[in-house]
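Please open the structure in a viewer and keep the selection tool at hand.

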Amino acid sequence: MKRVIEPNTTLYPVPVVIITAGIATPNVMTCNRIVSCSAEPPRLAISVRQLRYSYGLIKQTGEFVVNIPAPAQDILTDYIGVVTGKSEDKIAIAKLKLASGRFVQTPLLADFPVNIECVVEHEIELDSHTMFIGLVKAVHVQESLLDAKGDVDFSRAQGIAYDWGVVRERPTYNFRVEDLRRAVQEV
Ligand SMILES: Cc1cc2nc3c(=O)[nH]c(=O)nc-3n(C[C@H](O)[C@H](O)[C@H](O)COP(=O)(O)O)c2cc1C
């Protein structure tokens with residue numbers, strides 16, 4: 001027996017990443033609307049709501065960095081996904097260390113195991129979101145995650161397993177923003 005539920009983007013599994021955007025004053029946002037959309041050359045597409053602070057930064061600079069979190073960075077990922085850079089410097093509050101990319105000027109998150117530098121090639125307006133299709137220019141990987149062939153072996157650092165909420169851009173834990181902020185400041 002099956003039930004037809006309201007249309008939504010249910011998929012499994014759903015990646016959850018942190019996007020860095022902006023050069024002079026960089027910002028971070030959590031994103032689950034991300035797909036691999038071509039191979040030769042490699043491209044990733046992210047969908048961002050126009051009201052996000054990161055949206056304007058990606059439009060301005062034409063670039064973004066995809067940072068893949070490790071399991072222990074789940075609360076940090078929630079914090080970055082519920083607070084906006086319009087009102088709070090998330091990078092300073094969470095004491096995120098930045099690193100330089102090879103091709104883009106947008107900084108990488110040094111403590112995240114994988115960082116992917118992307119340059120925006122196309123933008124597609126999709127009502128609620130704008131999809132930015134980014135050409136992958138470089139992939140930085142923590143050495144311990146590389147297998148013998150030089151590919152990323154995610155079984156060595158399971159991506160964060162969001163139990164619920166990813167379809168709707170919500171955090172894993174239903175913590176209050178104050179609690180998330182305190183948790184990331186204590187690390
Ligand atoms: C798990 C999770 C996934 C999210 N995915 C997206 C997404 O794909 N696109 C989007 O526009 N917002 C998404 N959000 C919401 C933004 O991360 C959130 O609104 C954030 O505060 C935006 O930051 P900014 O205003 O500093 O750019 C997600 C939030 C969470 C917790």
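This is a predicted model: local features need pLDDT of at least 70, side-chain atom pairs count only at pLDDT 80 or more; totals for chains, interfaces and linings use all residues.

**The ligand and its pocket**

Select the ligand first. The ligand sits in the largest pocket. Next, display the residues around the ligand: there are 25 of them, and the closest are Thr-30, Arg-49, Ser-54, Thr-84 and Gly-85. By class, this shell is made up of 10 nonpolar, nine polar and six charged residues.

Now colour the secondary structure. Which element supplies the largest share of the shell? That element is β2, with five residues.

**Backbone contacts to the ligand**

Show the backbone atoms of Thr-30, Arg-33 and Gly-85, and look for the oxygen atoms of the ligand. At Thr-30, a backbone N or O atom lies 2.8 Å from a ligand oxygen atom. At Arg-33, the corresponding distance from a backbone N or O atom to an oxygen atom of the ligand is 2.9 Å. At Gly-85, a backbone N or O atom is placed 2.7 Å from an oxygen atom of the ligand. Taken alone, the ligand exposes 640 Å², and the protein buries 97% of that.

**From Arg-33 to Glu-169**

Arg-33 belongs to the loop between β2 and β3 (34–38), and Glu-169 to the loop between β9 (129–141) and α4 (177–186), so the pair ties together parts that are 136 residues apart in sequence. Side chains of opposite charge can pair when their charged atoms come close. Across the whole structure, a search finds 12 salt bridges.

**Particular points of the backbone**

Select Tyr-12 and Pro-13. The peptide bond joining Tyr-12 to Pro-13 is cis, with omega near -5 degrees. Pro-13 is found in the segment before β1 (17–21).

Proceed to Glu-40 and Pro-41, where the peptide bond is also cis, with omega near 0 degrees. Pro-41 is located in the loop between β3 and β4.

Finally, select Asp-127, in the loop between β8 (114–126) and β9. What is the phi of Asp-127? Phi is near 60 degrees, a positive value in a residue other than glycine.

Technical notes: Residues are numbered from 1 along each chain as its sequence is written. Side-chain values use heavy atoms; hydrogens and water are left out. A residue is near a molecule or strand if one of its heavy atoms lies within 4 Å of it. A polar contact is a pair of N or O atoms within 3.5 Å; within protein, one must be able to donate a hydrogen and the other to accept it, and residues adjacent in sequence count only if both atoms are side-chain atoms. Accessible areas come from the Shrake-Rupley method with a 1.4 Å probe; for residues, only the protein chains shown count as cover. On a 1 Å grid over the protein atoms alone, a cavity is a set of points where a 1.4 Å probe fits but cannot get out, and a pocket is an open set with protein on both sides within 12 Å along at least five of seven lines; lining residues have an atom within 4 Å of a point. A molecule sits in a cavity or pocket if more than half of its atoms lie within 2 Å of its grid points. Helices (H or I, at least four residues) and strands (E, at least two) are DSSP runs, numbered from the N terminus. Ala, Val, Leu, Ile, Met, Phe, Trp, Tyr, Cys and Pro count as nonpolar, Asp, Glu, Lys and Arg as charged, and the others, Gly among them, as polar. A salt bridge is a side-chain nitrogen of Lys or Arg within 4 Å of a carboxyl oxygen of Asp or Glu.
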